[in-house]
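Work through the following exercises with the sequence and the 3D structure at hand. Each task is followed by a solution in steps.

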Amino acid sequence: MIWNAFAIAVREISRNLTRAFLTVLGIFIGVAAIITMVTLGQGATLAVKAQISNLGNNLLTLRPGAGFGARASSAGTPHFTEKDATIIGEQIAGIAAVAPVRSALLSTIYRQNARSSTVTGTTPVYFEINKWRVAEGRLFNEVDFRSGAAVCVIGNTVRTELFGSENPVGAQIRIGKTACVVIGLLVAKGQAGMGDQDDTIIMPLSALQRRVIGKTSSHDISQISISAQDGVDSEALITELTSLMRQRRNLQRNQDNNFNVFDTRQIAETLGSTTQLMTLLLAAVAAVSLMVGGIGIMNIMLVSVTERTREIGIRLAIGATGGEVLLQFLVEAVTLSCVGGVVGILLAFGLCAGLARLIQVPFNFNLQINVVAFLFAAGVGVLFGYTPARRAARLNPIDALRHE
Amino acid sequence: MNPPANETLIELRNLTKTYGEGDAAFQALKGIDLTIQRGEFVALMGPSGSGKSTLMNVLGCLDTLTTGTYQYQGIAVETLTTDERSLLRRYALGFIFQGFNLLARTSSLDNVELPLLYRGVSRRDRHERAVAALTSVGLPTKLHSTPAELSGGQQQRVAIARAIVTEPSTLFADEPTGNLDSATTRDIMELLTRLNQDRGITVLMVTHDDHVAATARRTVLIKDGQIESDLVRA
């Protein structure tokens, strides 16, 4: 009986190709829209997360000054010292690594090319904390740091500006008034909503203090980079860090902090949830388009209901049972919906692959959204294709035949 | 072949049909008693709104009766479920309508095969029997034409082929020539007479045309939902 209904349904579809096409169209546009939007939205979320994780996971940065905005000025507030960094590493549990950082904007010269660059002096552990990896040459190590060797590694932007396409490793550049050997080129990180990370020169803190800047307040550092161990709650860590620093800086109860802690995980979470919100928004838009597709299907079904009611009347009159007629309509609706759904999934796959490359986000095939979109569209198609038939099949044959 | 005498096919006792409820109720049939033997050719006549079409629809199980009894070949039709009435139509009854009621955009062959499809007849048998039925109504060359490509008379022939392809015991015809010109009407009536006489199919035909009714041996006149006269020609 099912096979029979299937044969009748296929025959009926092939006789009304325009109606079938319009029904399929409504479904496959809806399916394609929702899959494409959600997949691309998730790709964008992944891309943002990947860029943020390039900043360094679980990274806390301790800086002088009360915070961002109007009070951000660090003028008059005491700098940190290398001793601060050592003590943080010794006294606070859950910390993976601590690196003192001193930054200075200095002129850098290679042959006839000159530019101002941010030069960072720090310890070798800084690379690990900030997830810097070397593309060519090597990073500086503990030996370089102890000896205060005049060596540096440079970011990709500095390399482009100073060296063009030339290999920078082994070359000597001038930082301020000091000659310095480039020993490594860093792997590019790109823009991450926080300026160009690759516009940087990193050298041993000892060398920066003694050779480049000179003796003045040589033990001051401008910030401290801290990485937390995996699974450690950064909130608790920040609280502990804050009370330790207040103590070391002799702040009274009624005095505000004259330093601040910058947490990349918070930034990552904020940006992550923003892009997730965007994905949800896209999904909502797509759901609306799916609904519009569904209404299109309903429209076609209702327009053809007069003709189809008469058809049902004829089938009943020549001896079909109501159940057989309904089964035929169900098979028709399911067939059209499934064809629409499959075509929609194929179209979405092509669209996602193409658009993901165009807007440069990763393309991950998301099985879940494909299944959900397919089931939803098929449900809409079956509901709207089947419901009008149900009423007609319950009529007396003569009433169905006389339907105007 | 002559119809076997005195075999009761249809027996109605005090049959009524009421449309609507309460004040809006309208009684279309007001107590019909009627007996039809197998092999008869009966014309149901009467003015518009007399209830003749309603009677035929109830007899053909296209509509339900309100009270009374209806025996078809000894089966108490008033006790049947909707599906059982469908099966009775499928295996025993054939229909011809004034408006033909063929499936649009569907070839003559497919239209005629349709009742066989519901009977579960195999593909090859369906084809053979449909071709034979269409040949017997004089349309062997129009197997693949759709209704839109056929004249009114040809469409009615396809409808007759569809009705007789299952070899029903009774053929119900509701104003079968109502939409046709007089020459075509004569052809269709000849065809119905032949089916009645050669194959022994009982024919029940609603008409308001005296010439058409004259084809039938028996004429039942309905007026205001009741039988006014019941005449059998000698």
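A residue counts as buried when its relative accessible area is under 20%, as exposed when that area is over 50%, and as partly exposed in between. The model used here is predicted.

**Exercise 1.** Find the place and the accessibility class of A:Asn250 and of B:Cys61, each a residue other than glycine with a positive phi.

Solution. 
- Step 1: Take the angles. Phi is near 55° for A:Asn250 and near 60° for B:Cys61.
- Step 2: Place the residues. A:Asn250 lies in the loop between helix 8 (234-248) and strand 12 (259-263) of chain A. B:Cys61 lies in the loop between helix 1 (52-59) and strand 4 (67-72) of chain B.
- Step 3: Classify them. A:Asn250 has a relative accessible area of 60% and is therefore exposed, whereas B:Cys61, at 1% relative accessibility, counts as buried.

**Exercise 2.** How do helix 1 and helix 11 of chain A pack?

Solution. 
- Step 1: Helix 1 (residues 2-15) and helix 11 (residues 322-358) of chain A have axes 8 Å apart, at an angle of about 60°.
- Step 2: That angle makes helix 1 of chain A oblique to helix 11 of chain A.
- Step 3: Helix 1 of chain A passes helix 11 of chain A in a right-handed crossing.
- Step 4: The residues in contact include A:Ile2, A:Phe6 and A:Ile13 of helix 1 of chain A, and A:Leu327, A:Val331 and A:Leu336 of helix 11 of chain A.
- Step 5: By class, the contact of helix 1 of chain A with helix 11 of chain A has nine nonpolar, two polar and two charged residues.

**Exercise 3.** At what angle do helix 11 and helix 12 of chain A cross?

Solution. 
- Step 1: The axes of helix 11 and helix 12 (residues 367-394) of chain A come within 8 Å and cross at roughly 155°.
- Step 2: Angles over 145 degrees count as roughly antiparallel. Helix 11 of chain A is therefore roughly antiparallel to helix 12 of chain A.
- Step 3: The crossing of helix 11 of chain A past helix 12 of chain A is right-handed.
- Step 4: Among the residues in contact are A:Leu326, A:Phe329 and A:Ile345 of helix 11 of chain A, and A:Phe374, A:Tyr386 and A:Arg390 of helix 12 of chain A.
- Step 5: The contact of helix 11 of chain A with helix 12 of chain A divides into 14 nonpolar, six polar and one charged residues.

Note on methods. Residues are numbered from 1 along each chain as its sequence is written. Chains are lettered from A and ligands numbered from 1 in the order in which they are written. This is a predicted model: local features need pLDDT of at least 70, side-chain atom pairs count only at pLDDT 80 or more; totals for chains, interfaces and linings use all residues. Side-chain values use heavy atoms; hydrogens and water are left out. Axes are lines fitted to C-alpha atoms, for helices over the stretch in contact, and angles run from 0 to 180 degrees between N-to-C directions. Helices (H or I, at least four residues) and strands (E, at least two) are DSSP runs, numbered from the N terminus. Angles under 35 degrees count as roughly parallel, over 145 as roughly antiparallel, 65 to 115 as roughly perpendicular and the rest as oblique. A crossing is left-handed if the near helix is turned anticlockwise from the far one by less than a right angle, and right-handed if clockwise. Contact means heavy atoms within 4.5 Å. Ala, Val, Leu, Ile, Met, Phe, Trp, Tyr, Cys and Pro count as nonpolar, Asp, Glu, Lys and Arg as charged, and the others, Gly among them, as polar. Buried means under 20% relative accessible area, exposed over 50%, partly exposed in between (1.4 Å probe, protein chains only).
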